[in-house]
Amino acid sequence: MTTRMPQKPGFWLACLPIALTFVVLGIQLFYFNNFTPHIPLAIGVAVTALIGWLRGYRWHDMEDGIMHVVRLGLQSVGILIIVGMIIGIWIASGTVPYLIKLGLSLISPELFLAASVLICALVSVSLGTSWGTTGTVGLALMGIGNGFDIPMYWTAGAVVSGAFFGDKMSPLSDTTNLAPAVTGVDLFAHIRNMLPTTIPAMLIALVVYLVAGFSLIGDQAVDFVRIENIIGGLDQHFSLSWPLLLPLAVTVVLALKKMPALPTLFAGAMLGLATAMLMQGVHLQQAFEFMFSGYRIETGVHEIDALLNRGGIQSMTWVITLMLVALAFGGVLERTGCLAVIVEKILSRSNSFGAMQSSAIATSAMTNVIGGDPYLSIALPGRMFAPAYKARGYSALNLSRATEEGGTLISPLVPWNAGGAVVITALGLGIAEGNTINLLYIPLAFACWLSPLIGMMYGYLGWFSPRLSAEEAAQTGGTESLATQAWAK
């Protein structure tokens with residue numbers, strides 16, 4: 001009995017499962033008005049597997065592809081679990097309430113949005129994790145913005161801009177290490193090569209947030225009575241003083257010493273537990289409950305209750321299950337050759353370096369949209385585009401920057417992506433509960449989408465686009481993809 005050899009699908013057949021998934025996703029989001037993308041993505045897995053089976057792929061091969069990509073995301077699942085624990089216990093310990101009090105007391109309302117970008121960027125560069133920054137310092141900033149009566153989506157946009165800027169530029173970040181590893185370039189050369197797009201994007205974003213801050217506050221007097229009520233409510237229910245900053249400070253120090261992300265964040269959670277017991281009189285059983293189910297309090301001040309009643313491992317189950325399904329979809333698309341066929345088609349039509357650079361950024365961004373995972377959006381285009389850059393005589397530093405811009409920076413702007421789901425959950429935007437106006441944080445996260453646009457512009461202008469070095473040329477392998485052959489023609 002002969003076994004039929006699997007064959008890659010044609011271009012339109014490769015696009016079919018993605019198109020059908022987006023149709024089902026559109027029905028779920030816009031017709032049923034239900035922001036739960038899990039089932040549409042699961043249907044996408046099934047449709048892709050059916051197409052793969054018809055093209056000769058066996059189920060165990062496709063299952064291996066799914067499991068391979070899911071395994072790549074398991075560290076992220078671990079980070080999400082610990083971030084959920086940290087949110088719950090850092091609220092219970094008083095760390096987050098103290099940060100809110102400091103912000104309301106020290107930050108000017110007009111400068112708040114610009115300050116939020118800088119604070120999140122600094123913490124994210126130090127920690128090397130945008131998700132951890134969003135769930136801790138970002139959550140505190142949401143409370144401060146609420147006190148200043150600034151719309152949630154503006155504050156969330158500033159937090160996302162700063163947190164994911166730091167993740168992109170930190171040598172401690174997993175995505176910042178993944179991009180040069182996949183493309184075969186030096187880590188610090190990769191970081192230096194991202195400065196020409198990152199610095200202008202951040203400067204423009206800062207100017208916009210400064211203008212927005214003064215415009216939002218305008219001539220309207222800040223409601224200091226409301227701020228005093230929030231600070232008074234925090235003082236009444238928490239013992240607030242500088243030692244509460246120790247969990248955050250120690251976590252930053254451990255990260256700067258290049259400790260791995262998981263033990264660093266777990267140490268922060270344990271320090272939060274000790275602080276909650278010593279400073280707030282929380283019993284051990286209560287602390288465990290806060291870390292698992294989230295913090296719960298009734299202060300009588302609506303703003304405080306709405307902000308602080310959150311966190312815990314359970315709050316991350318929605319995100320984790322979404323991430324696993326999205327990873328499965330990306331894995332089966334990759335294993336059946338659908339993604340390879342699409343990328344090769346795109347590259348075959350890229351007749352200039354600018355077009356190739358834009359294609360790499362766009363492919364990373366679309367992988368974020370389709371596969372739902374920032375790691376896949378870096379790893380897949382990084383593997384598939386690398387031969388084409390070398391064939392054209394351009395350094396892989398251009399590709400590593402492109403995958404970061406389309407991968408790391410776009411992930412928080414896709415609500416069903418792991419990055420977007422973390423933002424929505426950790427910042428309490430309440431999208432699933434019908435507060436869809438808070439999705440305006442996506443266009444307001446200026447630094448995240450300006451950087452890819454600047455990168456595309458540089459590609460067409462030839463600016464900050466290093467050519468292939470002799471060392472890189474010597475590393476060029478002998479195998480070429482269909483995309484490379486298309487370039488040679």
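Here is a short briefing, grouped by topic. Keep in mind that this is a predicted model. We'll start with a helix and the core, move on to aromatic rings, and finish with cysteines and a couple of backbone angles.

- Start with helix α5, which covers residues 95–106 and so has 12 residues. From its first C-alpha to its last, helix α5 reaches 16 Å, close to the 16 Å expected at 1.5 Å a residue.
- Which residues of α5 are buried? They are Thr95, Val96, Pro97, Tyr98, Leu99, Ile100, Gly103 and Leu104.
- In soluble globular proteins, nonpolar side chains tend to be buried together.
- Here, the largest nonpolar core holds 151 residues, and the members that touch the most others are Ile100, Trp154, Tyr209, Leu308 and Leu429.
- The helix that gives the most to this core is α4 (residues 74–93), with 12 residues.
- Take a look at Leu308: setting aside neighbours within four places in sequence, its contacts are Ile91, Val96, Pro97, Ile100, Leu234, Phe238, Tyr295 and Ile297.

**Aromatic rings**

- How many aromatic pairs does the structure hold? There are 14.
- Phe11 is partly exposed, at 25% relative accessibility, while Trp12 is exposed, with a relative accessible area of 69%.
- Another pair is Phe22 and Trp416: the ring centres are 6.2 Å apart and the planes sit at 70°, so this pair is edge-to-face.
- Why does the Phe22 and Trp416 pair tie together parts that are 394 residues apart in sequence? Because Phe22 lies in helix α1 (residues 11–31), whereas Trp416 lies in the loop between α20 (396–406) and α21 (418–426).
- Phe22 counts as partly exposed, at 30% relative accessibility, but Trp416 counts as buried, at 13%.
- Rings can also gather in a group: Trp154, Tyr209, Phe446 and Trp449 form one aromatic cluster.

**Charges over rings**

- Phe11 turns up again here, with Lys345 lying over its face at 5.7 Å from the ring centre.
- Tyr394 has a charge over its ring too: the charged end of Arg467 sits 4.2 Å from the ring centre.

**Cysteines**

- How many disulfides does the structure hold? The count is 0.
- Cys338 is in no disulfide, and the nearest cysteine sulfur belongs to Cys15, 8.6 Å away.
- Cys448 is in no disulfide either; its nearest cysteine sulfur is that of Cys120, 11 Å away. At 0% relative accessibility, Cys448 counts as buried.

**Positive phi angles**

- Asp149 isn't a glycine, yet its phi is positive, near 65°. You'll find Asp149 in the loop between α7 (130–147) and α8 (152–169).
- Phe464 isn't a glycine either, and its phi is positive at about 45°. Look for Phe464 in the loop between α23 (446–461) and α24 (470–474).

Technical notes. Residues are numbered from 1 along each chain as its sequence is written. This is a predicted model: local features need pLDDT of at least 70, side-chain atom pairs count only at pLDDT 80 or more; totals for chains, interfaces and linings use all residues. Side-chain values use heavy atoms; hydrogens and water are left out. Helices (H or I, at least four residues) and strands (E, at least two) are DSSP runs, numbered from the N terminus. The expected span of a helix is 1.5 Å times one less than its number of residues. Buried means under 20% relative accessible area, exposed over 50%, partly exposed in between (1.4 Å probe, protein chains only). A nonpolar core is a set of buried Ala, Val, Leu, Ile, Met, Phe, Trp, Tyr and Cys residues joined through side-chain atoms within 4.5 Å. Contact means heavy atoms within 4.5 Å. Rings of Phe, Tyr and Trp (its six-membered ring) pair if their centres lie within 6.5 Å; planes under 30 degrees apart count as stacked, over 60 as edge-to-face and the rest as tilted. A charge sits over a ring if NZ of Lys or CZ of Arg is within 6 Å of the ring centre and within 35 degrees of the ring normal. A disulfide is a pair of cysteine sulfur atoms within 2.5 Å.
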